[in-house]
Amino acid sequence: MAAVATMAAAARELVLRAGASDMEEEEGPLGSGTGLQEPLQLGELDITSDEFILDEVDVHIQANLEDELVKEALKTGVDLRHYSKQVELELQQIEQKSIRDYIQESENIASLHNQITACDAVLERMEQMLGAFQSDLSSISSEIRTLQEQSGAMNIRLRNRQAVRGKLGELVDGLVVPSALVTAILEAPVTEPRFLEQLQELDAKAAAVREQEARGTAACADVRGVLDRLRVKAVTKIREFILQKIYSFRKPMTNYQIPQTALLKYRFFYQFLLGNERATAKEIRDEYVETLSKIYLSYYRSYLGRLMKVQYEEVAEKDDLMGVEDTAKKDILELGNPPPSLRSRNTIFTLGTRGSVISPTELEAPILVPHTAQRGEQRYPYEALFRSQHYALLDNSCREYLFICEFFAVSGPAAHDLFHAVMGRTLSMTLKHLESYLADCYDAIAVFLCIHIVLRFRNIAAKRDVPALDRYWEQVLAFLWPRFELILEMNVQSVRSTDPQRLGGLDTRPHYITRRYAEFSSALVSINQTIPNERTMQLLGQLQVEVENFVLRVAAEFSSRKEQLVFLINNYDMMLGVLMERAADDSKEVESFQQLLNARTQEFIEELLSPPFGGLVAFVKEAEALIERGQAERLRGEEARVTQLIRGFGSS
């Protein structure tokens with residue numbers, strides 16, 4: 001039905017268009033209903049309109065022919081004209097029905113029209129209100145931008161004022177002198193904590209005033225006078241306090257370390273003087289240097305003098321050398337453990353218990369107290385006195401150096417110079433005493449132990465981070481090493497110049513000179529193993545060569561080769577045994593004497609077997625030589641000789 005209605009409507013529309021075209025042709029170009037702005041050309045309208053109408057009709061017909069109802073109607077043979085009229089009649093009925101419905105709903109339509117009109121009025125008013133609101137919003141937006149600009153400007157002014165307020169506050173705080181500061185500086189004792197606190201405040205204000213004066217601040221003139229008077233008062237009180245502490249060092253029997261440690265609590269006093277009154281700071285430093293310099297010099301001079309009184313009464317002399325003829329005194333001096341009646345004497349060539357002075361426990365043991373040792377009638381070798389003296393020097397020097405660095409706020413070369421201003425006289429006195437003592441010292445073991453004591457103390461000072469004594473240790477070693485080398489060379493020369501014929505009766509037992517060498521060499525080797533020194537080994541090598549030559553010269557005094565070999569074996573065996581007790585098994589000395597002992601032992605065996613088995617031994621040696629040269633065939637001609645040797649061996 002819809003397709004048929006569509007076709008009818010299309011046909012009707014075509015008819016109307018055709019009628020309108022005819023009317024337009026009749027009215028002409030001047031007709032009021034054409035709506036054309038220009039006249040049509042003759043002959044074009046009919047052809048174009050007819051073709052257009054036909055084409056459009058064809059399109060509609062073709063489209064409607066595709067409809068299913070049209071296809072069905074064509075198949076059933078329905079008359080389309082009748083069917084079209086029927087459809088048109090139905091459309092008229094529907095139209096009339098729609099008109100009746102419209103009339104019935106006329107009141108509602110009118111009401112709807114009124115409502116729409118009212119809505120239009122409301123929407124119009126809303127449009128007006130929104131337009132006014134939009135206008136207000138545009139004005140508010142401009143006001144907001146204005147307020148933002150004003151806020152940014154106010155924020156900048158606020159930051160500027162805050163910055164100015166902070167700077168001005170700092171300036172005012174730095175210049176204002178509170179009453180608490182004045183009261184503490186004028187009335188409080190320097191030992192009270194509040195005086196120290198207010199002194200630090202005064203120092204900060206004085207620094208601030210100096211800084212502001214450099215900038216040209218006029219307000220500084222208002223407080224300069226007050227700060228100057230407070231500064232003078234504080235400097236006066238501090239000067240009196242520190243000088244009183246320094247003068248307390250001078251009292252007899254005073255342990256100066258106690259007030260010295262107490263001064264560290266007030267090290268800011270000196271820093272205040274250094275920043276505000278350099279002349280007073282220099283006066284205090286000079287007074288401290290002068291006082292402590294005298295105290296240290298007096299203390300060490302007295303201690304050193306009393307310490308030397310407990311040394312062994314009999315010490316090595318220039319004639320107490322390895323190659324000098326033996327005497328009763330030298331026999332006593334050689335003993336490692338002298339009898340009670342001879343405890344005032346020292347050993348020369350043996351180490352004994354003397355090596356314990358460089359052990360870790362003894363090295364930093366408490367120093368010797370001379371008057372206690374005198375009451376107990378105790379005596380000590382020089383190296384023990386040297387250890388005690390220099391350990392006291394090391395301990396006090398480290399403490400003094402650290403105090404100087406902390407109290408006087410110095411470091412590097414400045415601390416080094418100030419330390420030597422305090423300890424220089426004491427160190428010079430100690431060096432002069434050492435030089436004087438070494439001029440008459442012939443105890444090589446004592447000097448060598450002193451060298452190793454200095455090497456260890458130097459390491460301890462480095463661990464304590466006290467470099468101020470480095471130069472002193474070098475000067476001490478510069479005295480000890482040449483003396484040690486001189487004593488060794490004297491012993492080498494004494495052995496070299498010894499005449500065996502002047503030594504009296506000889507026997508095959510170990511000689512006392514070789515015993516001296518064995519004890520002496522093992523002592524130096526064992527000490528040198530802790531901190532090796534190549535120069536020491538070279539000197540000991542020279543001494544060993546001279547001792548070996550001496551043993552050969554003494555052995556030549558025996559008439560028989562057998563006695564010579566027995567003497568050599570006994571001496572080599574004794575020296576090897578002593579060396580192996582203290583030296584390492586792979587040391588040069590042990591290896592050398594081991595080879596000599598083996599060679600002389602083999603020779604002695606051959607010498608001992610020569611009378612009964614000389615021919616047999618000689619034949620065996622000759623046969624071994626021939627076999628080594630690859631000439632074993634020559635032995636076939638020695639059958640008679642072998643037979644004779646076997647018969648002789650069997651008969652004996």
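**Aromatic contacts in a predicted model**

The model contains 25 aromatic pairs, a pair being two rings of Phe, Tyr or Trp (its six-membered ring) with centres within 6.5 Å; planes under 30 degrees apart count as stacked, over 60 as edge-to-face and the rest as tilted. This is a predicted model, in which local features need pLDDT of at least 70 and side-chain atom pairs count only at pLDDT 80 or more, while totals for chains, interfaces and linings use all residues. Residues are numbered from 1 along each chain as its sequence is written, and side-chain values use heavy atoms, with hydrogens and water left out.

**View 1. Y270 and F407 form a tilted aromatic pair.** Their centres are 5.8 Å apart, with 35° between the planes. Y270 belongs to helix 10 (residues 267-276) and F407 to helix 15 (residues 382-407), so the pair links parts 137 residues apart in sequence; helices are DSSP runs (H or I, at least four residues), numbered from the N terminus. Y270 is buried at 3% relative accessible area, and F407 is buried at 2% (buried means under 20%, exposed over 50%, partly exposed in between; 1.4 Å probe, protein chains only).

**View 2. Y299 and Y300 form an edge-to-face pair.** The centre-to-centre distance is 5.1 Å and the angle between the planes is 85°. Y299 is partly exposed, at 33% relative accessibility, whereas Y300 is buried, at 2%.

**View 3. Y270 and F407 belong to one aromatic cluster.** The cluster also includes F249, Y288, F403 and F408.

**View 4. R483 lies over the face of Y442.** The distance to the ring centre is 4.9 Å; a charge sits over a ring if NZ of Lys or CZ of Arg is within 6 Å of the ring centre and within 35 degrees of the ring normal.

Key
Helix = DSSP H or I, 4+ residues; strand = E, 2+ residues; numbered from the N terminus.
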